[in-house]
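Here are some friendly notes to read alongside the model. Have the viewer open as you go through the points.

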Amino acid sequence: MTTLSFDYGGQVVLVTGGARGIGRAIGRFFVDAGATVYLLDFDGEQVAATAAELGARWLRCDVGDTASVNAAVDTVMEQAGRLDVLVNNAGILRDTVLWKLTDDDWERVMTVHAGGTFRMTRACVPHLRARGYGRIVNVTSYSGLHGNVGQANYATAKAGIVGFTKTAAKELARFGITVNAVSPSAETRMIASMPQRKREEMAAGTPMGRFAEPAEMCPAIGFLASPEAGYVTGTVLPVDGGLSM
């Protein structure tokens, strides 16, 4: 019988948006599971501090910029010599109702979320293909599956990640690379930025009656990133306390 061990000894894991929130929790999870973890984030000062605390490595990286992404992946390969797992988690919010959205509000959110997932995946795929193995886990959102008032840009970007996940899964399966997504609902800085009434409504509408801690997202991501999950691809796994039922 196969036993799920969450043993990532010898594996190299990249986590974008790794400075805080869910990304920080993911980094801790993989460090504790024995992986060499690279935390990537636009905020170089914060990601350096987080990496030092967790025992991870770090790189400043703007996932919205192709040159920055390619340079980061090249550095990982030069230093570690391999790549096993990519977790696309980086994101930003610029929330407002659609008739007040500026072009910049729209473009920047799309560039970081959907564009960042694309750029990081594109940069990593040649190295994963060369080994005939890889695990890619993308972070989408309840908003991407169901929409949300004031988040036309964010919901569109996150819905795009769902389509990207399924397409990439179909294209990469024959190379031993799986591509999946999780849809979390956790207490993060993004949730904290919502109006109090909206936060309370979301929590009340969750069967569990609360937002999760960021660390509660990690076992699902750990499973999808594991060698044992080699026959799971193209899935979107809600980790949201039943919110999306």
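**Notes on salt bridges and packing**

1. Arg 28 and Glu 53 join their side chains in a salt bridge (3.3 Å, N to O), that is, a side-chain nitrogen of Lys or Arg within 4 Å of a carboxyl oxygen of Asp or Glu. Arg 28 sits in helix H1 and Glu 53 in helix H2, 25 residues apart; helices (H or I, at least four residues) and strands (E, at least two) are DSSP runs, numbered from the N terminus. Arg 28 is partly exposed at 35% relative accessibility, where buried means under 20% relative accessible area, exposed over 50% and partly exposed in between (1.4 Å probe, protein chains only).

2. A word on the source: this is a predicted model, in which local features need pLDDT of at least 70 and side-chain atom pairs count only at pLDDT 80 or more, while totals for chains, interfaces and linings use all residues. Residues are numbered from 1 along each chain as its sequence is written, and side-chain values use heavy atoms, with hydrogens and water left out.

3. Arg 108 and Asp 62 also form a salt bridge between their side chains (3.4 Å, N to O). Arg 108 belongs to helix H4 and Asp 62 to the loop between strand S3 (57–60) and H3, so the pair ties together parts 46 residues apart in sequence. Asp 62 is buried, at 15% relative accessible area, whereas Arg 108 is partly exposed at 24%.

4. Which residue does the side chain of Asp 84 meet in a salt bridge? The partner is Arg 82 (2.8 Å, N to O). Asp 84 is buried at 1% relative accessibility, and Arg 82 is partly exposed at 29%.
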